[in-house]
Amino acid sequence: MTSLAWIFMLAAWAVIIGNTLYCFYKLLTSERQFDGGD
Amino acid sequence: MAKERWASRLGLVLAMAGNAVGLGNFLRFPAQAVQNGGGAFLIPYFVALLVMGIPLIWVEWAMGRYGGRFGHHSTPGIFQSMGRSPVWKYLGVFGLWTNLMIASYYLYIESWTMAYAGYSLIGGFNPESSVQWLQQSPGDFFANLTGEKPNHILAISPWGLGIFFVCMAINVFILSRGLAKGIEIVSKIGMPLLIVFAMILAVRGLMIVPESEAATATFGIVDKEAVASPFEGLNFVWNPKFDSLTNPAVWLAAAGQIFFTLSIGMGSIHCYASYVREQDDIALTGATAAWTNEFCEVVLGGTILIPIAVAYLGLAEVQQKSGFGLGFMVFPTLFQKWGWLAPAAGFMWFGLLFFAAITSSLAMGQPIMAFLQTEFKLSRPQSAWAFGAMLVPLAFPVACLSQKTFFDEFDYWAGTFALVLFAVIETILFAWVFGMNRAWQEMMNGAELKIPGFFFYIIKYVTPVFLLLILIAYTFQPEGLVPTIDPATNSPVVDANGKPEMVARGWEPYIMGPFTGQPLPEWQWSGSGMIGKLLFLDLPISPTATPEEKEFIENVRIGRAVDRAVMVAAFIAFAALVAIAWRRRKEQGEPT
């Protein structure tokens with residue numbers, strides 16, 4: 001693999017994994033839950 | 001009737017992620033990347049994700065939740081609740097129509113995963129098996145399953161057809177049993193399992209070392225059948241190329257893939273979101289589902305199929321064979337290297353793909369069912385079976401004719417073009433008709449994630465302009481034939497007859513011509529543009545074609561013409577149902 005390909009791939013992965021983890025962190029530490037059925 | 005609501009927060013996120021994570025991530029994304037030049041595809045893909053995918057996720061969630069407040073759970077009603085003109089409900093028909101069209105071929109692929117899981121479990125794909133029937137290669141099994149034969153318009157496989165109908169029946173049955181229960185349970189079990197297995201596959205795939213490179217390899221498993229390093233495939237995907245950035249067909253493919261994979265432009269997100277309460281968060285929930293999907297698609301999906309396929313087939317053949325079927329050829333070959341684990345691995349992988357696919361296909365049925373339940377007061381089972389009844393006449397030609405006809409056409413017109421068109425319509429409605437200030441307030445209502453302020457301007461200006469540009473450029477795409485220039489001599493290359501060799505550059509010569517002073521090429525429609533496709537320019541008959549090949553292409557053209565008539569008829573039928581529903585609403589004094 002070329003260096004450019006490595007940089008492109010790792011940068012894209014970092015953004016995607018970072019955002020995914022951040023969202024799950026916010027979600028799982030949230031105190032709000034949806035109510036059950038009404 | 002008690003109103004259906006989501007049982008838990010995590011359940012909704014997993015259901016949404018399950019809806020988004022499907023065959024698009026592990027089979028369609030790699031195929032699209034290969035067909036559109038690997039690294040050349042990924043740049044438009046990420047631009048599309050930023051300016052269309054992520055903003056539209058929030059737009060659709062907000063629209064769905066807003067419409068749900070008025071008791072609407074499908075896009076005709078949701079659109080009508082946001083725009084005053086009666087035309088919006090008819091534009092919302094796309095949110096029903098697209099789901100039906102996509103489901104009719106998506107379920108067919110889903111049935112392949114079922115067949116592959118079953119055949120793997122009983123020890124299939126094993127050339128050393130004592131049972132002859134289990135010795136079939138993945139390619140032969142695929143041909144037998146689909147009935148596809150070169151230059152044959154009919155592609156009938158009775159048992160393939162049987163599995164397809166079983167698959168449809170399973171979907172309809174689950175749909176008839178309810179929203180929260182069925183989908184949440186399937187997602188909660190299937191999603192984490194699928195992600196773990198995909199990670200294992202990615203690592204194992206990258207460890208393949210072809211025998212020719214064994215001496216220089218520092219790690220990995222030497223494989224006699226491998227013809228290239230899997231990293232060659234990874235390099236093809238990730239080495240950025242800028243030459244196709246002026247090609248609208250690549251931009252449309254990238255936008256289409258973003259929409260397909262995130263289930264945007266289909267009306268299914270609107271439907272799910274319409275069951276969310278007014279003060280519940282949608283910003284964080286939508287973002288979580290979207291980024292989980294991107295993780296599965298780019299990090300996992302991009303690392304599994306193409307590297308493994310390149311390792312066993314070589315890059316050139318992968319580029320030729322690329323399509324939904326590629327994964328069905330490649331994975332069993334890899335699993336056969338795992339010895340006694342092969343049946344379990346094949347069963348688990350294709351079984352999990354089936355899980356991923358079924359959560360997506362169930363989501364496709366929801367908007368149509370919600371429409372029938374809300375507007376025609378059908379019960380849930382009745383609406384589920386009505387959806388099944390609509391599917392059968394469309395699914396039948398998908399399964400019985402060459403994939404170049406109904407299958408490819410549905411994937412193209414409904415699975416790509418209509419998604420982009422629907423996104424244009426909903427962005428204009430949300431940002432310009434409903435009003436961006438109200439729209440932003442609606443998105444931020446109850447938000448547990450602060451959406452960055454620049455998305456206000458992206459949604460209002462960038463997204464619609466971008467979408468419109470892609471649609472216009474793509475619709476009118478020219479061939480843009482220019483002479484091939486030999487870089488060594490800087491002169492035109494000529495063929496054996498002394499004629500200059502021409503290369504298709506699309507819009508590029510027309511855009512750059514005024515700046516470079518080069519003469520503009522004569523206008524010709526491109527076969528990869530919309531008008532070119534309507535004129536069948538993507539199905540040329542070569543002068544050297546055999547009579548059999550000529551007859552096949554002529555039959556494919558007829559098949560596509562019939563298919564287009566069917567698609568138009570289905571749209572008109574949905575529009576008629578909407579008209580009847582609104583007349584009834586008026587007569588009964590319900591809000592219209």
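This is a predicted model: local features need pLDDT of at least 70, side-chain atom pairs count only at pLDDT 80 or more; totals for chains, interfaces and linings use all residues.
Helix 6 (residues 94-121) and helix 7 (residues 138-146) of chain B pack with their axes 11 Å apart, at an angle of about 130°. Because the class of roughly perpendicular ends at 115 degrees and that of roughly antiparallel requires over 145, helix 6 of chain B is oblique to helix 7 of chain B. The crossing of these two helices of chain B is right-handed.

On the side of helix 6 of chain B, the contact involves Tyr108(B), Trp112(B), Ala115(B), Tyr116(B) and Tyr119(B). Their counterparts in helix 7 of chain B are Pro138(B), Phe141(B), Phe142(B), Leu145(B) and Thr146(B). By class, the residues of this contact comprise nine nonpolar, one polar and no charged.

## Helix 6 with helix 8

Helix 6 of chain B also packs against helix 8 (residues 158-176) of chain B, where the axes come within 8 Å and cross at roughly 110°. The two helices of chain B are therefore roughly perpendicular to each other.

Helix 6 of chain B contributes Ser104(B), Leu107(B), Tyr108(B), Glu110(B), Ser111(B), Met114(B) and Ala115(B). Helix 8 of chain B contributes Ile163(B), Phe164(B), Val166(B), Cys167(B), Met168(B), Ile170(B) and Asn171(B). This contact has ten nonpolar, three polar and one charged residues.

## Helix 17 with helix 18

Helix 17 (residues 380-400) and helix 18 (residues 406-433) of chain B pack at about 120°, with their axes 7 Å apart. That angle makes helix 17 of chain B oblique to helix 18 of chain B.

Leu394(B), Pro397(B) and Val398(B) of helix 17 meet Phe406(B), Phe407(B) and Phe410(B) of helix 18. The contact residues divide into six nonpolar, no polar and no charged.

Key. Residues are numbered from 1 along each chain as its sequence is written. Chains are lettered from A and ligands numbered from 1 in the order in which they are written. Side-chain values use heavy atoms; hydrogens and water are left out. Axes are lines fitted to C-alpha atoms, for helices over the stretch in contact, and angles run from 0 to 180 degrees between N-to-C directions. Helices (H or I, at least four residues) and strands (E, at least two) are DSSP runs, numbered from the N terminus. Angles under 35 degrees count as roughly parallel, over 145 as roughly antiparallel, 65 to 115 as roughly perpendicular and the rest as oblique. A crossing is left-handed if the near helix is turned anticlockwise from the far one by less than a right angle, and right-handed if clockwise. Contact means heavy atoms within 4.5 Å. Ala, Val, Leu, Ile, Met, Phe, Trp, Tyr, Cys and Pro count as nonpolar, Asp, Glu, Lys and Arg as charged, and the others, Gly among them, as polar.
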